[in-house]
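Please keep the sequence and the structure in view while reading.

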Amino acid sequence: MQSIYFSPQHAAFRATVRDFLREHVLPFADSWEIARTIPREVWKKFGQHGLLGLAHAARHGGGEQDLFHSIVFLEELGRTGYGGLRAGISAHSYMATHYIGRYGNESLQRAYLSPSITGEKIAALAITEWEAGSDLSRLGTTARPLGDKLVIDGTKVFI
């Protein structure tokens, strides 16, 4: 079906993602879901294939791709039927690393964003609190500078 949003490049990218998932994910994903983990070497494979940083800046190793490349990628992850895989990869690629890429200084981006794009590091969120849920405007956790350190005080759940 023709799309006014997806170009031939997006179609080629979709085929590449499907091939990647068929080879590196589908034969093993049942065991990952049972174990409730994605092996580190799989994160690195996603990174080697440029799939963990599609929306990030090239200077950090990202692909600087348009929104529709991300949509294609997330659609194909969804087609696998493995919710844990899709949740983990998408939270890493589009939520947790987003904040480092957008608000982190160059030192943090070099230390955490770039290795997350390659799959060397795995990013996660730690926002949910009992009283606030995941409503960022109601969070009670605080962070305050103490010398050259940052003191974080609060309680998180569902990390």
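Helix α5 gives the most to the lining of the largest pocket, with seven residues; helices here are DSSP runs of H or I with at least four residues, strands are runs of E with at least two, and both are numbered from the N terminus. The model is predicted, so that local features need pLDDT of at least 70 and side-chain atom pairs count only at pLDDT 80 or more, while totals for chains, interfaces and linings use all residues. Residues are numbered from 1 along each chain as its sequence is written, and side-chain values use heavy atoms, with hydrogens and water left out.

**The pockets**

A pocket is an open set of points on a 1 Å grid over the protein atoms alone, where a 1.4 Å probe fits and protein lies on both sides within 12 Å along at least five of seven lines; its lining residues have an atom within 4 Å of a point. Grid points are joined across faces, edges and corners, and a volume is the space filled by probe spheres set on the points.

The largest pocket is lined by 19 residues, and those nearest its centre are A96, Y99, I100, A124 and A126. Two or more lining residues come from each of α5 (83–103), α6 (106–118) and β2 (149–153). In the second largest pocket, which has a volume of about 400 Å³, 18 residues form the lining, with I38, W43, G84, A87 and G88 closest to the centre. Here the elements that give two or more residues are α2 (29–35) and α5, and α5 again gives the most, with six residues.

The table sets out volume and lining class, where Ala, Val, Leu, Ile, Met, Phe, Trp, Tyr, Cys and Pro count as nonpolar, Asp, Glu, Lys and Arg as charged, and the others, Gly among them, as polar.

| Pocket | Volume | Lining residues by class |
|---|---|---|
| Largest pocket | about 580 Å³ | 16 nonpolar, three polar, no charged |
| Second largest pocket | about 400 Å³ | 12 nonpolar, four polar, two charged |

**The packing of α5**

Helix α4 (residues 67–79) packs with α5 at an angle of about 160 degrees, their axes lying 9 Å apart; axes are lines fitted to C-alpha atoms over the stretch in contact, and angles run from 0 to 180 degrees between N-to-C directions. The two helices α4 and α5 are therefore roughly antiparallel to each other, a term that applies to angles over 145 degrees. Their contact (heavy atoms within 4.5 Å) is made by S70, F73, L74, E75, L77 and G78 of α4 together with L85, R86, I89, S90 and Y94 of α5. By class, these residues divide into six nonpolar, three polar and two charged.

The axes of α5 and α6 come within 10 Å and cross at roughly 165 degrees, and α5 and α6 are therefore roughly antiparallel as well. On the α5 side the contact uses H92, T97, I100 and G101, and on the α6 side L108, Q109, Y112, L113 and S116. This contact has four nonpolar and five polar residues, with no charged ones.

**The chain as a whole**

The chain has six helices and two strands, which run α-α-α-α-α-α-β-β from the N terminus on. Along its principal axes, the C-alpha trace spans about 55 × 35 × 30 Å.

How values were computed: Angles under 35 degrees count as roughly parallel, over 145 as roughly antiparallel, 65 to 115 as roughly perpendicular and the rest as oblique.
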